[in-house]
Amino acid sequence: MLPYLPRHPVPDVVRVLAPTGDRLWLVTRYELGRQVLTDPRFSRALAVAGSAPAIHPLRPDPVALTSLDPPAHGRLRKLVNRAFVPEAMAAQEGPIRRTARGLLKDRRAIDLVSGYAMPLSASTICQVLGVPEAEQDRFSRLADRAHGITPCSPQESESARSELRAYFAALADLARREPGEHLLGTLILAQEQDGALDEQELLALIELLLNAGYETTIGQTGLAALALLEHPAQWRETVSRPGLIPGAVEELLRYAPVVPISFTRVARQDIELGGERIGTGEGVVVSLLHANFDAAEHADLEVLDVRRDMPRNLTFGHGPHVCLGAQLARLQLRVALEELVRAAPGLRLTVPPTALRWRPAEAVVRGPTTLPVSW
Ligand code: HEM
């Protein structure tokens, strides 16, 4: 059993003490969660102010897409959306599949995190952003340290983050000289043609896309694989009916979401929610994990079932800030699973689940850091 399934029953809306020492409201139901994520009376911009109640000690960049309210949010989001259109995402399938296949070729054993999820996510995000192939190793070494995916000291992490920022500025210059069919090229075009983006916004966007897109897919691939390894009958079902995989991906996203809680929103005014009164200036966080197990309409949500039809979930959030990379993440997960099923039908863990190591509890993104398997 995965060690972090939500424990029922919990109140619909409950006061919690964050690791920062701040008190916030946690919303644990699906419908109430959607309400918070769409209601403009709950603000992201107010939540990044220095004095706002916070769940994590790190304050997000106030110019980042995730920190904006309408109308500034909509303006910036429209620009980035151009690079995430379905055709652009579909074009990634071939390269993702080739990489996944190459990583598993002629292997009988692998660490599914360091040997599969990490290189696959690195090459996908590099391809999408426009990091030249020859520089992908350097990029992933920096990104792994910057995000503590590879264990390192806070100082090493900070220095990797600033090196990464300088690298992105150089990459933006390169894309200006040699524009290409990638996200950076699209953003540079928006900057030059429409004057829609200043340099600071551009660099913040690139950093956000890396933050939001890299460690999430690593963690989610690990969590999805582990959930299947812990449910051998579900794994066998997936192996014998690969056509189930797109649905299985949805179920795995529901069952083992890599980002368990939303960002904080702050109430602009007093708001009644689920029988509680949220006061002006108070912080609210949605437990995406609890919402995914909210059994108001469905039965047996504690059970992993790869045949489940359209399991509703909040894994990618909802409303104006809904995950921009959801289609890309789904695509990568589907291809990763399809290739794993094809190459390694007899997949099994080579250590007991209790011996696995995990990302630190305070990390925004969760997941195992090792997943040794053989077949
Ligand atoms: C399984 C993988 C992923 C999960 C579970 C995930 C989850 C989320 C969630 C829950 C949010 C909304 C948070 C909130 O509103 O409080 C979000 C936002 C976002 N995600 Fe993802 N994400 C994933 C992968 C990606 C990828 C691959 C990219 C891009 C390459 C990406 C880019 C973004 C961006 C830019 C936002 C902010 C959107 C906005 O503020 O308008 N994500 N993600």
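Predicted model: local features only at pLDDT ≥ 70, side-chain atom pairs only at ≥ 80, totals over all residues.
This short talk walks through a few strands, helices and single residues of the structure above.

Residues are numbered from 1 along each chain as its sequence is written, and side-chain values use heavy atoms, with hydrogens and water left out.

Let me start with the strands, where two of them count as paired if DSSP finds at least two bridges between them. Strand 1, residues 13-17, runs antiparallel to strand 2 and is joined to it by 5 bridges, and the two form a hairpin with 5 residues between them, where Gly21 in the turn has a positive phi of about 95°. Within that pairing, Val14 has Leu26 as its bridge partner, and Leu26 is in turn the bridge partner of Val285 in strand 8. Strand 2, residues 23-27, and strand 8 run parallel, joined by 3 bridges. Strand 8 also pairs with strand 5, residues 265-267, this time in the antiparallel sense over 2 bridges, and there Arg265 is the bridge partner of Val284.

Which way do the residues of strand 8 point? In a regular strand the side chains alternate between the two faces of the sheet. Here, in residues 283-286, Gly283 and Val285 point one way and Val284 and Val286 the other, and all are buried, a word that stands for under 20% relative accessible area, against over 50% for exposed and partly exposed in between, using a 1.4 Å probe and protein chains only.

There is also an open sheet of 3 strands with antiparallel pairing, in the order 4-10-9. Its edge strands, which each pair on one side only, are strand 4 (109-111) and strand 9 (348-349). Strand 4 meets strand 10, residues 372-374, over 3 bridges, with Ile110 opposite Val373.

Turning to the helices, helix 6 covers residues 136-146, and its buried residues include Phe139, Leu142 and Ala143. The buried residues of helix 6 pack against helix 5 (113-129), helix 7 (154-177) and helix 9 (199-213), where contact means heavy atoms within 4.5 Å. Helix 6 and helix 7 pack at an angle of about 140°, with their axes 7 Å apart; the axes are lines fitted to C-alpha atoms over the stretch in contact, and angles run from 0 to 180 degrees between N-to-C directions. The two helices are therefore oblique to each other, since angles under 35 degrees count as roughly parallel, over 145 as roughly antiparallel, 65 to 115 as roughly perpendicular and the rest as oblique. Just after helix 6, Gly148 takes a positive phi of about 65°.

What is the single protein donor to the iron atom of the ligand? That donor is Cys323, through its SG atom, 2.3 Å away, where donors are N, O and S atoms within 2.8 Å of the metal, or 3.2 Å for Na, K and Ca, and sites may look incomplete, as water is not among the atoms. Cys323 sits in the loop between helix 13 (288-292) and helix 14 (326-343).

Finally, Leu253 lies in helix 12, residues 245-255, and counts as buried because its relative accessibility is 1%. Leaving aside residues up to four places away in sequence, Leu253 touches Gln220, Asn292, Thr315, Phe316, Arg330 and Leu333.

Definitions and conventions:
Helix = DSSP H or I, 4+ residues; strand = E, 2+ residues; numbered from the N terminus.
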